[in-house]
Amino acid sequence: MRERSEVNTRGEERPEKGRTAPVGGGDALLRGTVRRTWFIAAFLGLCSTAAAGCALAVPAVIGHALDLMLDRRTGAGPWLALSAVLLAGEVILEAARVLLSQLAGARATAWVRIRALKGLLGSPLSHAAPYSPGDVAARLCVNAADSGAAPAALATIVSSLLAPVGALVALALIDPWTAAVFLAGVPLLLLLLRAFARHSSDSVGRYQRVQADIAARLAEALEGARTVAAAGTLGREARRVLAPLDELALHGRRMWTVHGRAVAHSGVLLPLLVTAVLAVGGVRVSQGALSVGDLLAASRYAALAAGVGGVASPLGALVRARSAARRTAELADLEPMPHGCAVLPEDGSGTLELSGVGLVRGGVPLLTDVTLKVPGGATAAVVGRSGSGRSSLAAVAGRLEDPDVGRVLLDGTPLAQVERGDLRARVAYAFARPEFHGGTVAEAVAAGAVDASGDRVRQAAVLAHADDFVRLLPQGYGTPLDQAPLSGGERQRLGLARAFVRRGRLTILDDATSSLDTATERQVELALSGSSFTGTRLVVAHRVSTAARADLVIWLEAGRVRRVAPHGELWRDPDYRAVFAPEPVPAQPATPHPPTPGDPVAAPASPPVAGPVPAPDPSDPPDPSDAPDPSDPPDPADSSAPPDRVPAPPVAGPVPAPDPSDPPAPPGRVPTPASPPVAGPVPAPDPSDPQDPQDPSDSPDPPAPSDPSVSPDRVPAPPVAGPVPAPDPPAPPDSPDSPDPSDPPDPPDPSDPSASPDRVPAQDPSRTPGAVPPRRAGWPPAVVVARRGRGRGR
């Protein structure tokens, strides 16, 4: 593929997409249009010749009738009637010429479009890839129509030349001097037409290329209309589509300037020639060499001869047709994918073999030395990370692409040697984004299948789990596609049904279940593995469940086969397991900062580990800061805050600023800390620490300031990240502590069968950072407390 460049409005070179067809390719296409419409072109030429003959005969007949009337001789009537017949015939023949021109143009345009479309669809995918949908639409619509106008333009040019040449001959017969005067201006007229054809061809070609660029951008915008609407970039997208409009206007002005200049020059030159002819004829009449009738005929023939300037319009159409034919020929001349004449064996099971397959596109290797074998009737899953070559392998396996090196065999027969019809009948495809062409849903499902009856279509839809929603359409399977709004999953199920209609020797699912839910995908896989499918299945898989259900897994990595084995065997490899794991996203470290009033307090990085409360180590010196203040007696009015309780962790949220109007905390209450304690594992208890005997009623008396049981090195209970729950009400005296029905039971420690009461319960998973449970009505601000010794944490 080679690129052409052109100069835009800013003087910069803009590369043209696709390759440039040689001039000979466009001319050959134009000759093909003439051959395809030769019958119509022949009648068109006959009508044009007859119309030119009538136009040439009319001046002579009218001139002779005028001479008869001026000489007062009889017989002028029949000549006047003949002139009327000739005029009527000229009008009828001109109308027939126009009708035949339109018919020839329509048939030639249809042939050009079919020729270009066959070339595009018959070529390998890599050859058609450089042409965008918008560019293809412009070539098939606008350029093909211009190319199809070539036969009519040629016929019009022939008729436009016949009349002037005949008029010049008639002038010479009437009086040679009149013909000589007209011939003196013909060289100037020819130079004018030559300059017009040369400059017009360049301007028309540039105009058509920019026009195709705008069409391509518009097609891209329409295809991504939802993305544009979601992003709110309508204005920017409109500016992008219309950006080449200034360049289009520039080339359009140049094109019409060339055309207008040619028309203006011919409009000045031709009347001057007619005037000169009339002047010479008048002189000859005064000399008696010409009659009045001859002068009338000479003036009419001079006007017809001046009509040679009218050839500029069909000549411009021919120039546009030639330029457009070059662009259309690029598609028509694409190298087709060759096919052989062999057929697959009837008793084959669908064994697929790839031997040394390599595929390179745009200088990038997509597949490298791929060698594998899939037994007939097996299901093979193709797995790998994005860009590993899975879709390329699927395209090569069904011969949508030909490998650059290596061979692909189906049941021992090279796919390159299989006849095209037999290959497409034995290989079925289903894609991630299927396209449907046809009038109804049933026709779209049956597309490409041989003898696809209605029952077979419905059976395939049932296997693909598409029958349920198709029956809900207004006309069921007879619903037109434009009246059947389909979701992505429904389109994929119809695409699977289209592949199931064939039930070929080889069924390839190229990411064809990506929009299906897990249950539907499982049902489709069961249908594929059923007894009704006897061929080989090649499935491009993304989910580990799909690979697990396959008979064989083809593991691709960077275009190479890493391994081919069952899923269970490959699962032992951590690299294989990583194929199905999402790629980790690097976390951004947070910058620590001290909490300020109004800022949320960060929750602990990990919840504390539930476990036993360790006993103090006698060898550890006590920390004076942990000892209670003896001068701070407990509040006798607050029975919910015993002095041996450990303060609760703070609630994750904004730190309120202190209110000067608040009264000081009552004596004995432990204030809430301003920042959460550091979460971490609680060490195991020291076995050498004797157990603290405790009253079974779990109602400790308030300790005295000198009570030695209040150990200053007592370790507080692990904090709970999240809101502070309200405390349980104090248990009544002389009764065992009954559990709160709203509190879930503490999970037992599996390693401790005795379930010692000195265990701290595990953290409540419902208490997550940021989730604030409703406070119980009438309860004071809570603190989480831990019982001394073997008491349980509330």
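Me: I have this predicted model open. How many residues does the protein have, and what share of them count as buried?

Reply: Happy to walk through it! The protein has 794 residues, and 39% of them count as buried. A residue is called buried when its relative accessible area is under 20%.

Me: How much accessible surface does the protein have, and what share belongs to carbon and sulfur atoms?

Reply: The accessible surface comes to about 42100 Å², with 61% belonging to carbon and sulfur atoms.

Me: Now the surface patches. Which residues form a positive one?

Reply: A patch gathers residues with over 30% relative accessible area and no salt bridge. Here Arg 31, Arg 35, Arg 36 and Lys 118 form a positive patch. Helix 1, residues 23-36, supplies the largest share of this patch, with three residues.

Me: Take Arg 36, then. Where is it placed, and why does it count as exposed?

Reply: Arg 36 lies in helix 1. Arg 36 counts as exposed because its relative accessibility is 59%, and the cut-off for exposed is over 50%.

Me: And which residues make a nonpolar surface patch?

Reply: Trp 38, Phe 39, Phe 43 and Leu 46 make one of about 500 Å². To find Trp 38, go to helix 2, which covers residues 38-70. With a relative accessible area of 57%, Trp 38 is exposed too.

Definitions and conventions:
Residues numbered from 1 in each chain as written. Predicted model: local features only at pLDDT ≥ 70, side-chain atom pairs only at ≥ 80, totals over all residues. Heavy atoms only, no water. Patch = residues over 30% accessible without salt bridge, like charges linked within 9 Å, V, L, I, M, F, W, Y side chains within 5 Å. Areas by Shrake-Rupley, 256 points an atom, 1.4 Å probe, with all protein chains shown as cover. Salt bridge = Lys/Arg side-chain N within 4 Å of Asp/Glu carboxyl O. Lys, Arg positive; Asp, Glu negative; His and termini not counted. Charge placed at Lys NZ, Arg CZ, Asp CG, Glu CD. Helix = DSSP H or I, 4+ residues; strand = E, 2+ residues; numbered from the N terminus. Buried < 20%, exposed > 50% of the residue type's maximum accessible area, 1.4 Å probe, protein only.
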